[in-house]
Amino acid sequence: MSSLAMSASDTLVLARRNLARIPRQPDLLIAYTIQPVMFVLLFVYVFGGAIQTPGFDYVDFLMPGIIVQSIAFGGFVTALGLAEDVKKGLIDRFRSLPMSRAAVLLGRTISDVALNCLSLVVLFAVGFLAGFNFIDASVVEIVAGIALCLFLGYAFSWIFALIGLFSSSPETANAIGFTLIFPLTFASSVFVPVESMPDGLRQFAEVNPFTTISDAVRSLWLGTPAHTDVWMAFVWCTALTVIFAPLAVARYRTVAAK
Amino acid sequence: MAGESRFGRAGPAAPSTSTGFEPGTDHDAIVVEGLEKSYGSLHALCGVSFSARAGTVLGLLGPNGAGKTTAVRILATLLAPDAGTARVAGLDVVRDAAALRAKIGLAGQYAAVDENLTGFENLEMVGRLYHLPRADARVRANELLERFDLVEAAKRPAKTYSGGMRRRLDLAAALVFRPPVLYLDEPTTGLDPVGRLSMWETIEARTAAGTTVLLTTQYLDEADRLADRIVVIDHGSVIAEGTSDELKDRVGGERIEVRLEDEADAAQAIVALGEMTHERPTFEDHVVRAPVRTRSGVMAEAVRRLDAAGVGIDDIAMRRPTLDDVFIALTGHAAEEEPAEEQENEEMAA
């Protein structure tokens with residue numbers, strides 16, 4: 001077997017392993033789908049009335065942002081799963097096998113994409129029920145927006161992979177994810193227009209990749225001015241993947257069970 | 001046990017297990033020379049050397065933090081040594097790491113199985129990761145489930161297994177590709193006595209015929225039962241090696257210990273017991289100690305002799321050498337447990 005065919009085979013075996021566990025952990029599946037639904041309901045009905053989005057219904061402004069945030073966090077199961085695998089010694093086993101060094105992480109990040117597709121279905125369903133509509137969007141633009149969200153999710157899977165491999169337990173991974181990355185999504189245009197933020201925070205929010213990507217999805221789905229956001233969004237996702245994938249693989253090669 | 005003879009040789013489902021050495025000849029399957037590894041200021045291994053002949057079981061005996069796990073991790077290509085060399089199945093653990101991984105199996109105290117997969121799925125996955133064709137991986141998985149007495153649990157997720165069943169599944173996973181060299185890192189630590197005995201029987205049966213085994217343990221009785229030769233390590237250095245009998249001789253073997261009602265009788269007790277022992281009994285710390293070669297009947301004989309000599313017995317017991325005895329004999333200090341496990345130190349250094 002060539003080394004490329006070997007990597008592909010290893011990756012598929014491990015992606016299958018990750019997906020096989022989903023129906024056996026219904027609590028995980030529920031957490032995975034309920035949380036985005038809770039966010040949509042909270043923001044539309046609790047905060048929505050108080051947030052000004054000139055020119056748009058808040059639900060139309062919000063849905064692209066919520067989808068970006070939820071899909072970015074879809075890879076969180078990778079952080080939890082890898083921290084668990086390290087703790088249980090499974091990573092030691094994989095590293096002692098004559099298999100591809102990247103397959104464990106590729107298998108994780110690829111199965112995350114499948115999970116994120118599932119999340120998208122749930123999010124769109126609840127979004128449409130809450131009144132979301134595409135505005136002046138062609139099929140190509142809708143699909144491009146979805147592709148951008150999934151690409152962002154993929155890039156973040158690698159960030160979460162790195163976090164998982166540096167965490168001594170799933171609890172630590174959880175704490176790191178929610179203290180380092182979660183606030184980033186709030187200091188952006190995910191939930192509110194950045195124009196409403198005070199100086200300092202506003203400048204930060206404007207360069208925050210979550211702003212770039214949320215605005216890019218809005219320009220594709222709501223017909224807002226595109227500027228350079230769509231291209232920049234793809235550049236961000238590519239850059240995050242190119243930086244974090246090799247870091248995660250390097251960490252995998254030396255990680256030790258606790 | 002006809003099927004067992006295939007361990008260590010190329011089986012039908014394992015096309016590439018050419019071992020690089022011939023089991024049963026004078027070649028050593030594991031050769032470790034001057035291995036050193038430090039985590040920051042902690043010296044986990046300070047120049048460790050040992051070797052294991054092909055087809056034998058080598059026991060690596062020592063307390064927590066002695067460096068056993070570090071040694072296994074280096075030999076399993078999971079960790080690079082700071083200095084020294086190690087060759088396994090004729091391959092260097094650093095330079096030939098990728099090729100070596102096809103010749104080793106690793107099982108241990110973590111029972112590294114996926115709890116959400118069934119026993120069958122776990123073994124099939126490992127087979128697929130060794131690049132066995134799917135059909136072969138399934139045949140092999142079923143074969144191992146049968147040998148390891150896990151057929152009834154084959155379709156249940158591993159999280160429903162007992163500790164002992166998980167260890168058996170873990171060991172089965174390590175044997176999927178019929179590796180010529182097998183590492184067992186503390187295979188019974190944390191098991192109850194029944195689970196430990198069953199694991200010992202499993203290891204004895206499954207590692208027979210040609211497989212070279214490196215077993216780490218903190219228990220002398222485990223090394224005694226399973227290992228052909230034992231290497232004792234402490235604070236990252238080899239402090240003794242030999243067969244189980246040789247080590248026991250160094251700590252004095254089994255002995256009868258007697259507490260007397262009246263210590264003035266000590267001299268009489270020594271004479272009475274001296275007739276039945278190969279070495280002169282001693283009297284120290286209020287206890288008379290008489291080394292014995294066998295266990296059968298000696299306790300009754302000792303009681304009879306002491307009674308006949310008119311020596312009153314407060315307490316009498318048979319003592320086997322323990323790991324602590326070995327350590328006291330070899331190092332002059334007890335085998336104290338390290339405050340932190342070696343992996344934690346590794347993590348602090350990382």
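**A guided reading of two chains**

Guide: Helix α3 (residues 58-72) of chain A has 15 residues, and at 1.5 Å a residue it should span 21 Å; its end C-alpha atoms are 21 Å apart, which agrees. The expected span is 1.5 Å times one less than the number of residues. This is a predicted model, in which local features need pLDDT of at least 70 and side-chain atom pairs count only at pLDDT 80 or more, while totals for chains, interfaces and linings use all residues. Residues are numbered from 1 along each chain as its sequence is written, and chains are lettered from A and ligands numbered from 1 in the order in which they are written.

Visitor: What makes a run of residues a helix or a strand, and how many of each are there in chain A?

Guide: Helices (H or I, at least four residues) and strands (E, at least two) are DSSP runs, numbered from the N terminus. Chain A has eleven helices and zero strands. Chain B, in turn, has twelve helices and 14 strands.

Visitor: Why is α3(A) called mostly covered?

Guide: A residue is buried if 20 or more other C-beta atoms lie within 10 Å of its own, exposed if 12 or fewer, and partly exposed in between, with C-beta atoms placed from the backbone. In α3(A), 14 of the 15 residues are buried.

Visitor: What radius of gyration would a compact globule with 258 residues have, and what does chain A have?

Guide: The radius is taken over C-alpha atoms, and the globule rule is 2.2 Å times the number of residues to the power 0.38. For 258 residues the rule gives a value near 18 Å; chain A has 19 Å, which agrees. Along the principal axes, the C-alpha atoms of chain A fill a box of roughly 60 × 35 × 35 Å.

Visitor: What makes a group of residues a nonpolar core?

Guide: Such a core is a set of buried Ala, Val, Leu, Ile, Met, Phe, Trp, Tyr and Cys residues joined through C-beta atoms within 7 Å. The largest one has 157 residues, and those with the most contacts inside it are V68(A), L152(A), L75(B), V88(B) and L214(B). Helix α7 (residues 139-166) of chain A gives the largest share of this core, 14 residues. Another core, of twelve residues, lies apart from it and includes V258(B) and L260(B).

Visitor: Which residues does V68(A) touch?

Guide: Two residues are in contact if their C-beta atoms, placed from the backbone, lie within 7 Å. Leaving aside residues up to four places away in sequence, V68(A) touches C149(A), L152(A), V190(A), F210(A), I213(A), S214(A) and V217(A).

Visitor: Why is V113(B) called buried, whereas A83(B) is called partly exposed?

Guide: V113(B) has 30 other C-beta atoms within 10 Å, and is therefore buried. A83(B) has 13 C-beta neighbours inside 10 Å, so that residue counts as partly exposed. V113(B) is found in the loop between β6 and α3 of chain B, and A83(B) in strand β4 of chain B. The C-alpha atoms of A83(B) and E36(B) are separated by 5.0 Å, although the two residues are 47 residues apart along the chain.

Visitor: How do you know that strands β1 and β2 of chain B pair?

Guide: Two strands pair if DSSP finds at least two bridges between them. Strand β1 (residues 28-39) and strand β2 (residues 42-53) of chain B are joined over nine bridges in the antiparallel sense. I30(B), for instance, stands opposite A52(B) in β2(B). The two strands form a hairpin with two residues between them, and G40(B) in the turn has a positive phi of about 60 degrees. β1(B) also pairs with strand β4 (residues 83-88) of chain B, in the antiparallel sense over five bridges. There, T85(B) is the bridge partner of E33(B).

Visitor: Which elements do the buried residues of α3(B) pack against?

Guide: Eleven of the eleven residues of α3(B) are buried. They pack against α1 (3-20) of chain A, together with α4 (134-147) and α5 (163-174) of chain B.

Visitor: How many residues does each chain bring to the contact?

Guide: Chain B brings 25 residues and chain A brings 24 residues. In chain B, β6 (104-108), α3 (119-129) and α12 (342-349) each supply at least two residues of the side that touches chain A.
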